[in-house]
Structure formats: C-alpha cells, structure tokens
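Keep the viewer open and try each task before you read its solution.

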Amino acid sequence: MKIEILKGKEIQKTRALYEEVFQDSREYTEYFYKKVQKDGICFAMEENNKIISELFLIPKRMVCDHNIIDALYVYGVATKEQYRGQGCMDKLMKQALYYAKDSTTEFLYLIPVSPALYERYGFHTVKQGEIRMWELSEEPAEMTEYNFEQVFEFYDELYQEINGLEKSSSGIYPFRDKDYLADRICRARIEGGGMYLIRKRNGETAGFVITGEEEGESVIMDVDGEYEKKEKIVKDFMNKQGRRKIKEYVFTIMIKELKGSLKNMTWTAFNDEI
C-alpha cells in the first residue's frame, strides 16, 4: 500500500471509490469533483493501482472576530469495505494533519457520521446535530413580516446585498465572498431545493434561506439573518410556501485547532457548508 497526495485532474482517480461509498447524484458528484480539482487536495491510499481509501481537504475562508482566517474542511473520508478496520483511515488522517500543521491553516473542521472516530485526533464537537420540526399552529396569515425571493443564479448586485449582511458579533462564520455565494446557489439547486432572499416589507434584504429536498418535501438546510427573529422568519417562509410542517437540519460539527490564537475562541454562528 502507498499514500499519494492528489491534486488537479489526478483527483479523478478517486472517483470510483467516491461513487461506491457515497452514492450521491451524478450532478452533485460532477459538481464536487469540479470544485475539489480546482481548490482541494486528496490523500489517497492505493493498492494494485486502485484507490482503496481517501480523504479530501478543501480550503475555506472564515471570519473570526472580524478577521479573515484560513481553515480546511475534511470531507469524503472513505475506505473500500474489504479494507475497513485495517488502519487505512488512521494513516490518511495522520498525513492530513501533518500537512495542515505545516500550512497557514488555523483549524480543521468536519461534519462526522461517527464523531467518536475523530476524537482520537483531537477533534471536538462545537455544534451538536439535530432535526428540528417547525409547525404552524395558526391559520396561514395573509400578511407576513418577511417576503422571500428565490435566487436562480449569481449576479454582482446579489453579492452586494449579501455582503452587507456580515455579522458584527463575535464568533466564526463563512466569509461570504462571490465564490461562496455562487457555490450556495449551485448546491441548493442540485439538492432539489433553492436559495431565497429574506426581504423585509420595505424591500431591505435581511438574510437568506437555503432549502433541500427529501422524499418530495422541502427541508430547511440553513437560515442566515436576524437570528433573534429566526422563528418568525421560518414561520413566514412556511406561510409563503403553504406548508404546515417543515424540517430543519442542524449538522454536528467538529473542529481541531492548530494555532494557539483560537484557543479561547467561542465557537458560535458556525455554519456547515462546503
């Protein structure tokens, strides 16, 4: 067995394993590989000229107490079934950590299926996952505080609106540059949902809602905006969509700090997008 660090088009060597393990839609897989070939790297274990285990690192830019910092997202950790339990992931994770420590990265983060697997490497949970069920107990309102405008493609004016929403509070959250916004719109479409700008009655942008689809039903994947009014935003959105119930997914997030500068960080407002 040997470990390779793959970049660019070489990352396509991992595709057979990725499709075998994750079974994402063809459209999403195409989207992911286009993105990771451009920005990310892959640690891959090979035997007999076949990839048997893989781990992707995708660079992210985050805002931390008003400063832009570098982070790496650990994604797509997978091993062929017949090689599991033989230490493949352990070797790849250790190589990835060596790489990250020598970079400018402040921390790594991931959205785990099994959190216990990552605790041995110094990752700790900063957001506990849950499924929330929102329900409307009252009759649909004719007038709501918020309106929702679906976004189908990226444009510069949209970026200016979203960019003006940067939070003033402490904590950590994604740096919403143009690439981030275009990425969110594309992913929402691929996942069968959409991105909606939250508008106040005067037309002012107050945030956005990201939805996906599950068994033909809309599911809220992310809400960004006036957090103290989140319940009102969600229920107004349900009113506009004509839904009495809707799910919201909050994903478990684990992080590993690599630099002392984040030791006393309060990990709040941490979103989970790629």
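**Exercise 1.** At what angle do helix 5 and helix 6 pack, and how far apart are their axes? Classify the arrangement and describe the contact.

*Solution.* Bear in mind that this is a predicted model.
- Step 1: Two packed helices are described by the angle between their axes and the distance between the axes.
- Step 2: For helix 5 (residues 156–163) and helix 6, the angle is about 105° and the axes are 10 Å apart.
- Step 3: Angles of 65 to 115 degrees count as roughly perpendicular, and helix 5 and helix 6 are therefore roughly perpendicular to each other.
- Step 4: From helix 5, Asp156, Leu158, Tyr159 and Ile162 meet Lys178, Leu181 and Ile185 of helix 6.
- Step 5: Sorted by class, this contact of helix 5 with helix 6 has five nonpolar, no polar and two charged residues.

**Exercise 2.** Work out how helix 2 and helix 6 are arranged: roughly parallel or roughly antiparallel?

*Solution.* 
- Step 1: The axes of helix 2 (residues 26–39) and helix 6 (residues 178–190) cross at roughly 160° and come within 10 Å.
- Step 2: An angle over 145 degrees counts as roughly antiparallel, so that is how helix 2 and helix 6 lie to each other.
- Step 3: The crossing of helix 2 past helix 6 is left-handed.
- Step 4: Glu27, Tyr28, Tyr31 and Lys35 in helix 2 are in contact with Asp183, Cys186, Arg187, Arg189 and Ile190 in helix 6.
- Step 5: Those residues divide into four nonpolar, no polar and five charged.

**Exercise 3.** Which residues touch the most other members of the largest nonpolar core?

*Solution.* 
- Step 1: The largest nonpolar core has 28 residues, and Phe32, Phe56 and Phe107 touch the most other members.
- Step 2: Among the elements that each supply at least two residues of this core are helix 1 (15–22), helix 2, strand 3 (50–64), strand 4 (67–79) and helix 6.
- Step 3: There is also a second, separate core of 23 residues, which includes Leu55, Cys88, Met89 and Leu110.

**Exercise 4.** Where are Gln23 and Asn49 found, and is each one buried or exposed?

*Solution.* 
- Step 1: Most residues other than glycine have a negative phi.
- Step 2: Gln23, not a glycine, has a positive phi of about 55°, and Asn49, also not a glycine, has a positive phi of about 65°.
- Step 3: Gln23 sits in the loop between helix 1 and helix 2, while Asn49 sits in the loop between strand 2 and strand 3.
- Step 4: Exposed means over 50% relative accessible area; Gln23 at 65% therefore counts as exposed, and so does Asn49 at 72%.

Methods
Residues numbered from 1 in each chain as written. Predicted model: local features only at pLDDT ≥ 70, side-chain atom pairs only at ≥ 80, totals over all residues. Heavy atoms only, no water. Axes fitted to C-alpha atoms, helices over the stretch in contact; angles between N-to-C directions. Helix = DSSP H or I, 4+ residues; strand = E, 2+ residues; numbered from the N terminus. Parallel < 35°, antiparallel > 145°, perpendicular 65-115°, else oblique. Left-handed = near helix turned anticlockwise from the far one by under 90°. Contact = heavy atoms within 4.5 Å. Nonpolar A, V, L, I, M, F, W, Y, C, P; charged D, E, K, R; others polar. Core = buried A, V, L, I, M, F, W, Y, C linked by side-chain atoms within 4.5 Å. Buried < 20%, exposed > 50% of the residue type's maximum accessible area, 1.4 Å probe, protein only.
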